[in-house]
Amino acid sequence: MTFDEIVKHIELKSADKFSIEEGKSVLFISPDNWEEIAAILKNDSELEFDYLMCISSYDKGDNTIYGVAYNFYSTSKQHYLEIRIEVEDGISIPSITSLWRAADWHEREAYDMMGLKFVGHPDLKRILLADDWEGHPLRKNYQEPDYYHGLPIPKDKSYWE
Amino acid sequence: MEKQLQDKSVIETGEMVLNMGPQHPSTHGVLRLKIHTDGEIVSKIEPILGYLHRCFEKHCEKLGYEQIVPFTDRCDYLASMHMDHAFSIAVEKLLDVKLPERVEFIRVIVAELQRIASHLIAVGAFGLDVGAITPFTWTLRDRERILDLFETLCGARLLYNYIWPGGVSHDLPPLFIERTKEFLDYFTPKIDELNQLLTTNKIFIERSADVGVLPADVAINFGVTGPSLRGSGVKFDLRKNEPYSIYEKFDFDVPIGKGEMGSVGDCWDRYYVRVLEMIESVKIIRQACEQIPEGDVHEALPKKIRPEKGEVYGRYESARGDVGFYIISNGKNIPLRVKMRSPAFCNLSVLSEISEGWMISDVIANLGSLDIVLGEIDR
């Protein structure tokens, strides 16, 4: 199915629960509707998005809005969909781990790097960084600490920047 | 005696936590596994990642697009060409560049050579994991020839920085095509040798067949891709399903696991899919060597990479699976965000699921058959 057909199909099942921006093949969804739409994507016999490819968190740079982009693919129907959820800092997003197990580590990474919280995740903890790391480094306003466990972090970066 | 065994004060029973790694020859890098066991039977595995985290995504937010390529090299260091190619394809999608034919052919040739090199390491190291030492030295010997070819191509043996957004860094050196063909003639009989030595070896089959069975639906749900998914009998290869570059021009098959030695989706199937894929790669390279046109490889290289505002998700079939680059551009020469979907990261997440109920020694076989590269998992 093409993007327009997918959108029409989701509209039949749950209208007014998503929005589309002009010229972009992306569905924007508010976190409140995400659980319902995710279940439709997974279980609907026409859509069958069985493969969650990627969850990418992003920071738009204004320190208020953080976003997550979900890329889905259907291995049986061979179509593709991107979903985005944008939230203000501190607002949680429902976890989709119960539908796609692949989401487990991707959500942990989004929490680790961007500080997004996923409600319903079985074990939301850091994955790539150490457990006692402070802050979420991929945020644009992230300040590097001066010390980590007593080791000074070099401030002179003329060697590599 | 029986009473004594049941009495917990005499023999302590219960869960034991076994630590494997980060420094362990079977973890293929600095990976730590926390293995919860009941006796010798594994009940749960917690992989602990991040020992090789080098802030790839944070670096990308400070560097120009063309400067990111050396960093993608270092993500999957066993298949650097694939990472460069994947990133270049994503950036080209964003820039909307039309590439010269010759560039596409060169890219396909080097990518398939790289696939053979990477799979040689994978099958050799898997043999090593389950106790077959000689095949590893044999596969390394053959891989060396590919690295020699790459050395004549761009001077580097491991981290190439060869495929750039919009083209490649150098044209093929003189006699490269001839040398590649020579290598293929040399390499094709070596696969039969490998099959005799390792694939059909009784001890090897005992160790890998029917071990760590990964059903197809579980694999897809966990986001497992690449040879590990195809080992479970799913015919899914981006080169066929969503052809990028010029793969639709070539005639090749997508090998899948058939459960010849045990059940579909066991370690042996995942191993054997890689062996068969090398034969398919040889086929592709032979066709590409025949058809490659003349032309200028630097024609489409952009002077300055400054894409329009927008996002792109580029997909690529690397030796380990489906690599994705999610790039957000804000119209500057530096990306706002680069997220890499690493295939080995998702493949590793299934380890606990397939190892549950097996012995500790089978965890080694399962891990080896998934063919992980820690550089790419930790980024």
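Select B:Leu175 to begin. This residue of the predicted model is exposed, because 10 other C-beta atoms lie within 10 Å of its own, and 12 or fewer counts as exposed. Colour the neighbouring elements of chain B. B:Leu175 sits in the loop between strand S5 (167-168) and helix H7 (176-199) of that chain. Now check the backbone. Phi of B:Leu175 is near 70°, a positive value in a residue that is not glycine.

Next, go to chain A and pick A:His149. Here too phi is positive, about 50°, and the residue is not a glycine. Look on either side: the loop holding A:His149 runs between strand S8 (147-148) and strand S9 (151-152) of chain A. Buried or exposed? A:His149 has 6 C-beta neighbours inside 10 Å, so it counts as exposed.

Now select residues 103-114 of chain A, which form helix H3.

Of its 12 residues, 11 are buried, so the helix is largely enclosed by the rest of the structure. Among the buried ones are A:Trp105, A:His106, A:Arg108, A:Met113 and A:Met114. The acidic residues A:Asp104, A:Glu107, A:Glu109 and A:Asp112 are buried as well.

What covers these buried residues? From chain A, the cover includes strands S3 (51-59), S4 (65-73) and S7 (118-119). Bring chain B back into view: its helix H13 (343-349) is also part of the cover.

How values were computed. Residues numbered from 1 in each chain as written. Chains lettered and ligands numbered in written order. Predicted model: local features only at pLDDT ≥ 70, side-chain atom pairs only at ≥ 80, totals over all residues. Helix = DSSP H or I, 4+ residues; strand = E, 2+ residues; numbered from the N terminus. Expected span 1.5 Å × (residues − 1). Buried ≥ 20, exposed ≤ 12 C-beta atoms within 10 Å, placed from the backbone. Contact = placed C-beta atoms within 7 Å.
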